[in-house]
Amino acid sequence: MKRWYLYPFSLGYHMVTGIRNNMYDLGMFKSTKFKTPIINVGNLSVGGSGKSPMVMYLATFLSKYYRTGVLSRGYGRLTKGYDVTNYDSNYKTVGDEAMQLFERFKNRFVIAVSEERVPGAKKVIDDMDLDVLILDDAMQHRAIKAGFNILMTDFNDPYFKDHLLPAGDLRESRAGANRADIIMVSKCPDELTEETKQYYISRIKPSYKQKVFFSSIGYDENVYARDKVLPDNNLNYYDILLITGIANPKPLQDHLAKFSQKVTHLKFRDHHNFSDDDIKKIFAEYKKLGEYKLILTTEKDYVRLKTFDYLRDLVYYWPINVIIDRKEEFNQMILDYTNKK
């Protein structure tokens with residue numbers, strides 16, 4: 001238990017979320033189902049569990065076969081309502097995650113945002129004539145009934161060891177995992193033994209209808225700036241100022257440590273909207289570094305940092321992808337679902 005002294009409040013939270021889920025299970029609260037295949041990527045906990053790389057993987061994979069769309073809430077944006085990401089969008093209008101997807105893939109698939117999932121899903125499916133829709137972070141948004149659910153859980157902080165808010169980080173009870181078709185243990189170490197896999201499966205206790213998969217983070221062999229590319233094995237020549245505004249920067253720190261020990265880390269909260277004061281602090285830290293130096297950040301943070309003119313040419317980002325164990329089996333499950341529709 002992470003914050004045991006708050007456990008009494010978790011009992012109240014359990015009662016409220018349990019009643020809400022029971023209302024949906026019994027049909028007392030409406031859950032809208034669509035003819036178009038909808039795949040939800042969600043989790044039970046707050047914070048990062050690898051949802052964004054999984055959404056990216058699914059969208060690129062499915063766009064080979066179908067007209068595909070992604071719908072997210074657009075967390076952290078300064079606007080409300082429905083919007084489709086385009087060349088005039090920025091992180092303030094659609095959120096950093098939607099903007100990150102668009103920056104990398106442009107118009108390969110549709111990227112829309114709406115805090116109201118049901119009307120947002122209806123609009124993007126109809127207006128964009130979609131064959132399949134991916135919902136980002138909608139495990140607890142039960143007003144829309146996804147046909148296929150992928151539950152993400154962090155290898156280093158799995159839901160079966162966690163507790164409900166505020167004592168722990170779970171947004172609903174562990175029983176919520178029963179709604180998942182696939183449970184993906186994310187951010188696994190490179191060397192993952194079969195014994196460890198079996199331990200996680202024994203703790204997850206999947207039903208006969210559920211499959212457990214394991215995935216890890218794969219980093220690009222290069223880091224990128226606006227008009228520059230730097231191979232990762234050249235990072236050891238530089239003093240590096242690492243800037244992160246994500247829930248869990250540890251995997252990035254661990255990976256960077258393989259290439260450089262000359263790292264200063266400035267950590268901001270997840271989805272942080274950088275202010276002018278933040279940029280002045282970043283620039284002041286940058287000036288303290290040696291002659292050969294650079295600023296490194298995540299792809300998601302880059303879409304925010306690059307909007308500040310005097311950092312634009314100094315900041316590099318490190319793209320990531322998800323690497324799935326038993327990838328062909330995973331892909332086939334996704335296609336089996338979409339082909340049934």
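Buried means under 20% relative accessible area, exposed means over 50%, and partly exposed is in between (1.4 Å probe, protein chains only). This is a predicted model, where local features need pLDDT of at least 70, side-chain atom pairs count only at pLDDT 80 or more, and totals for chains, interfaces and linings use all residues. Residues are numbered from 1 along each chain as its sequence is written, and side-chain values use heavy atoms, with hydrogens and water left out.

**Stop 1: a salt bridge**

Select R326 and E329. Their side chains meet in a salt bridge, 2.9 Å from N to O. (A salt bridge is a side-chain nitrogen of Lys or Arg within 4 Å of a carboxyl oxygen of Asp or Glu.) R326 counts as partly exposed because its relative accessibility is 33%. E329, at 30%, is partly exposed too. A search of the whole structure finds 24 salt bridges.

**Stop 2: bridges across the chain**

Now select R77 and E115. Here the N to O distance of the salt bridge is 2.7 Å. R77 sits in the loop between β3 and β4, and E115 in the loop between β5 and α5 (117–128), 38 residues apart. (Helices, H or I of at least four residues, and strands, E of at least two, are DSSP runs numbered from the N terminus.) Are these residues buried or partly exposed? R77 is buried at 11% relative accessibility, while E115 is partly exposed at 31%.

Next, pick K306 and E103, joined by a salt bridge of 2.6 Å, N to O. K306 lies in the loop between α9 (299–305) and β16 (315–318) and E103 in helix α4 (residues 96–105), so the pair ties together parts 203 residues apart in sequence.

**Stop 3: the sheet**

Show the strands. Nine of them form an open sheet with mixed pairing, in the order β4-β5-β3-β6-β2-β8-β9-β10-β17. (Two strands pair if DSSP finds at least two bridges between them.) The edge strands, β4 and β17 (320–324), each pair on one side only. Zoom in on β3 (residues 68–72) and β5 (residues 110–113): they pair in the parallel sense over four bridges. G69 has V110 of β5 as its bridge partner.

**Stop 4: helix α6**

Select residues 194–204, helix α6. Which of its residues are buried? They are K197, Y200 and I204. Seen down the axis of α6, they fall within an arc of 65°, so they line one face of the helix. (The arc is that of the directions from the helix axis to the C-beta atoms.) Those buried residues pack against β9 (182–186) and β10 (211–219). K205 follows α6, with a positive phi near 55°.

Key: Contact = heavy atoms within 4.5 Å.
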